[in-house]
Amino acid sequence: MDQLPALARVFAYLSLLTIGGGMAAFPEMKVLIVDVHRWLTAEQLTHVYSTGQMSPGPNMMMVAEVGYLVSGVLGALVAAVAFFVPTGILTFAVGRIWERLANWPWRDSIQKGLGPVAIGLAVAGLITFGKTAITGWLTLLVGVITFVLVVRTKINPVFFILGGAVIGLFALRQ
Amino acid sequence: MSTAQTAAASPAASKTAVSPLEIFVTFLIIGATSFGGGVVAYLRDALVAKKKWFDDVEFLEMTSISNTLPGLNATNMAILAGDRLAGWLGATGAMLGMCLPAFIFMTAAGMIYSESHARPLASAALRGVAAAAVGLIAATWFKIGKKSLRGFYDAVFVMAAILGINYFKWGVPITLLAVGAVAIFTYRPHKAPEQPAQEQEDWINSLH
């Protein structure tokens, strides 16, 4: 229970860093969840983030699992509300004034400028994530095969995720 | 519909009003079935192709707003679409529908994960999932990068963000603010947009 305010603070703050998607915020999430608050280990955070990839809908709902592991169902609710509501309100407000911003010359500058920054932040987040996720030749192989198949084919990626789960179940027990 | 609403309305909002309940149900279905990431593709299929609530131009505009703002594409799109269809009630309904299935899924996953006897097996499976997730996320951003990155400066900003986080350890907020500010300034508005490009071209041509 006493962790609820901290959960709300951490996830409301992290949500503001999700430019272009959740991966941008991952390095900061790791610092806060693993190093500062010690809610999860780095490996556990990687597991929870990966579970998010299996979920339908917004895969950053993984914040609810972090909340659950810290403080039960109430923790899940607090984490989800803190993560999704503030940015939601911002989007609602900007959506309403967007057309009026059409004549504001900086609108295009912001869009053009933030595009590559968002991609860079996502790649940086992925590198941070990959350091815990890629632990040997087998995980590297699974990652590379998934990458090639997702780029080259139109198969729904959820099958690769499930394939990874099966491989893990048989070959990655410790 | 009040005049104020009509005046502020985008083309979509001037269509026959959609009830917040129908919006909620539509997004609930998308929120429960959009496996494998790429929610935007599911959204286009439902909102543009099936329901015909938006045309492709409106949809693309909402995608570009979503991308520029913090927050996930899935939820940002839900809010923008819901608002255009039925105001704040529509936005709330769309957001709730989009989030509810994932919330139940992830909370249930937390319950399973915290069962100590299930943890060794769950951890083994999740090691494989994490490895596949690296490939999937890398592929997603590779495709976005191939489509949207143009020119030398874009490459510099991508590299600067990566180095800021992974090498210089500036942290996400500082990196975002610093590289973001430089990038936006680089693409700052020109007083006469066509002229500088033409001048530059002339200047380059004069060198030959």
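How many helices and strands does chain A have?

## Basis and overall form of chain A

Chain A has 7 helices and 0 strands, where helices (H or I, at least four residues) and strands (E, at least two) are DSSP runs numbered from the N terminus. This is a predicted model, in which local features need pLDDT of at least 70 and side-chain atom pairs count only at pLDDT 80 or more, while totals for chains, interfaces and linings use all residues. Residues are numbered from 1 along each chain as its sequence is written, chains are lettered from A and ligands numbered from 1 in the order in which they are written, and side-chain values use heavy atoms, with hydrogens and water left out.

Along the principal axes, the C-alpha atoms of chain A fill a box of roughly 55 × 45 × 25 Å. Of the 174 residues in chain A, 56% are buried, buried meaning under 20% relative accessible area, exposed over 50% and partly exposed in between (1.4 Å probe, protein chains only).

## Helix α4 of chain B

Helix α4 of chain B covers residues 56-68, and its 13 residues reach 18 Å from the first C-alpha to the last, close to the 18 Å expected at 1.5 Å a residue; the expected span is 1.5 Å times one less than the number of residues. The buried residues of α4(B) are B:E58, B:F59, B:M62, B:T63, B:I65, B:S66 and B:T68. The cover over these buried residues includes α4 (62-97) and α5 (106-133) of chain A, together with α3 (39-50) and α5 (73-114) of chain B.

## Aromatic rings in chain B

Over all chains the structure holds 11 aromatic pairs, counted for rings of Phe, Tyr and Trp (its six-membered ring) whose centres lie within 6.5 Å, with planes under 30 degrees apart taken as stacked, over 60 as edge-to-face and the rest as tilted. One of them joins B:Y167 and B:F168 edge-to-face, at 5.0 Å centre to centre and 85 degrees between the planes. The rings of B:F168 and B:W170 are stacked, because their centres are 5.3 Å apart and their planes lie at 15 degrees. B:Y167 is exposed at 60% relative accessible area, whereas B:F168 is partly exposed at 45%, as is B:W170 at 41%.

Ring pairs also link B:F152, B:Y153, B:F157 and B:Y187 into a cluster.

Key:
Contact means heavy atoms within 4.5 Å.
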